[in-house]
Amino acid sequence: MLDFNILFPSVLNGITTGAVYALIALGLTLIYGVLHIINFAHGASLMVALYGVYMLKQHFGVDPYMALPIMVPAMFVLGYALQRGVINRASHGKDENILLVTLGLSIVLENLALLFFKSDTRTIETAYTLTTVQIGPAFIALPKLVSFAGALVVSAVLLLIVQKTDLGRAIRAVSKEKQGARLMGIDVDHVYAMCFGLGLASLGAAACFLMPAYYVNPQVGNGFVLVAFTIVVLGGMGSFAGALLGGLLIGVVESLGGLLLGESLGQVGIFVIFIAVLLLRPQGFFGAKA
Amino acid sequence: MKDFRNIALFVVLVGAVPLFTDSGVMLNFVMTSLYACLLSQAWNVLGGFGGQFSFGHALFFGTGAYVQAIAQMQWGLSPWVALPLAMVFAAGVGAFVGAASFRYGLKGSYFALVTLAFAEVFRILATSVPFTGAGVGLMLPLKESAANMQFGSRAGFIWLMLGLVTLALCITAWLRHSRFGAYLQAVRDNEDAARAIGVNPFSVKLIATILSGGLMGAAGAFYVQVFQYIDPGIAFGAHTSVEALVGAIVGGMGTLWGPLLGAVSLHILADLTRNLFGQLPGINMVIYGVVLIVIVMFLPRGIAGLGTTRPLQWLRGSKSDGDKS
């Protein structure tokens, strides 16, 4: 019924879409997986980064990939400032308040975008937007292949930071034992803010990889929030390799679901997987047993 | 009891409003405020008293709404029969989700996420199956009469809504004073300690989810009767879940009047900003979001906590809460 020539492109397409999901989930696995902050502003932050890339291209002619050295530090600074200046200050460190504050933040960001850019959907044109590469019987858009490579690089960089640097050691210490880390002289607020900064910085990178083949409007982040949480839980909280594999898996599930069940019902697969994982294995498929 | 006396006073005061005014703006305000109160109070039963933060209460809302519409349009039932049926179905969905989640010990952010995911599954299913009208939605035929629960004036809807809010308030008052309510709050505050003194956390949380789901289903049914239309986005979209939990948290969780205060204040705020800045798309919601953050910042116990918090403390932002997470 389903021959290789239909299945293979679908799987490949799922993998490249999944790479984009993984890119978005990588930042979240740091914020949610390590700090246990449910950041409902994650989608809105991605939207901000996408508009950033869009503006750089439209007003200064900066190629989206060339925008990486601008967007990554800019989003880092934004993340650091938001966590230190708003989220931490407003939430008093209580979980339910963090939920509310990040929710409020996403409402503010989304509607500021609506105010400045209206609700139009915007895209950018680059020389390579429509370039495709043939792999076996499949044609894959070049920007999607680049974002696949980007996801690999970003997860490697985050892994290196968390495993090899002093900051990484501090992050791991704070995630395991906040009070203990504080007693050891670690500035917990600073570590939280750095983590948030890194999370948003990887969104900045994600936006640069996404924009050539994607679009932006004020609501664009919404569709990604639950998918990103799914991937983080699926991959195991705080595991970058897990987020990468989880992202790819979700991409394939969505693609095959769409092929077998039709466009609208196909997405159900993602959430059914999510619920099953939450109920049966909340530490994630790739996560260590808690 | 004092709580029930206050509830009776509230019913008399609000119930009399339609007798003294026929201003459409005023009546509409009372009706939509009561509706927002029901959402928040429904969430409060599980979130405030039970400490289980649902992020997908739209799940129960949408179930109630669809049952209300389908019972009338496809089963030919009277809306007065459909309403309790909608509550039962929503409570049933609550039982299912609660049993699944609590059986596997989900709590905190995991519970928030699983409810959100369930709502999303229902939204996608409602978009895909034929008996919900798929993406097009269901439109109730217009047959204005009290027997059809389609009132000519807002007064009928207000009294109906007031009845449902009163039910929610009575359940909340019962939670404050009953043995079951004490069990529920004990489980919220320390599940292990509650278990140690013989409370069964699973069944206590399950019952709270059923009650909460049923009340939310009533809100969904009411929505259908007023707007005579429902589609998957309205029914299961995140907006209703957010409205329910924000009202309860901003007003004061685990209190009798907090969710009501929260829902009404946020409602007034939304109306006010829409009227002031309606010509600029988005700016009203920006202000709403900022106020939400500011409220969380300065009123950690919600509006109902105002009386118990000394002014200096909330200017400093009560440092003692800082390390609880």
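What share of contacts in chain A between residues at least 6 apart in sequence join residues at least 24 apart? The share is 77%, with contact meaning heavy atoms within 4.5 Å.

## About the model

This is a predicted model, where local features need pLDDT of at least 70, side-chain atom pairs count only at pLDDT 80 or more, and totals for chains, interfaces and linings use all residues. Residues are numbered from 1 along each chain as its sequence is written, chains are lettered from A and ligands numbered from 1 in the order in which they are written, and side-chain values use heavy atoms, leaving out hydrogens and water.

## Chain A overall

Chain A has twelve helices and two strands (DSSP runs numbered from the N terminus: helices are H or I with at least four residues, strands are E with at least two). Starting at the N terminus, they go α-α-α-α-β-β-α-α-α-α-α-α-α-α.

Of its 290 residues, 57% count as buried, that is, under 20% relative accessible area (1.4 Å probe, protein chains only). Along the principal axes, the C-alpha atoms of chain A fill a box of roughly 60 × 50 × 35 Å.

## Helix 11 of chain B

Now over to chain B. Eleven of the 14 residues of helix 11 are buried, so this helix is largely enclosed by the rest of the structure. Among them are Thr240(B), Leu245(B) and Ile249(B). Just past helix 11 of chain B sits Gly252(B), with a positive phi of about 135°.

Definitions and conventions:
Buried < 20%, exposed > 50% of the residue type's maximum accessible area, 1.4 Å probe, protein only.
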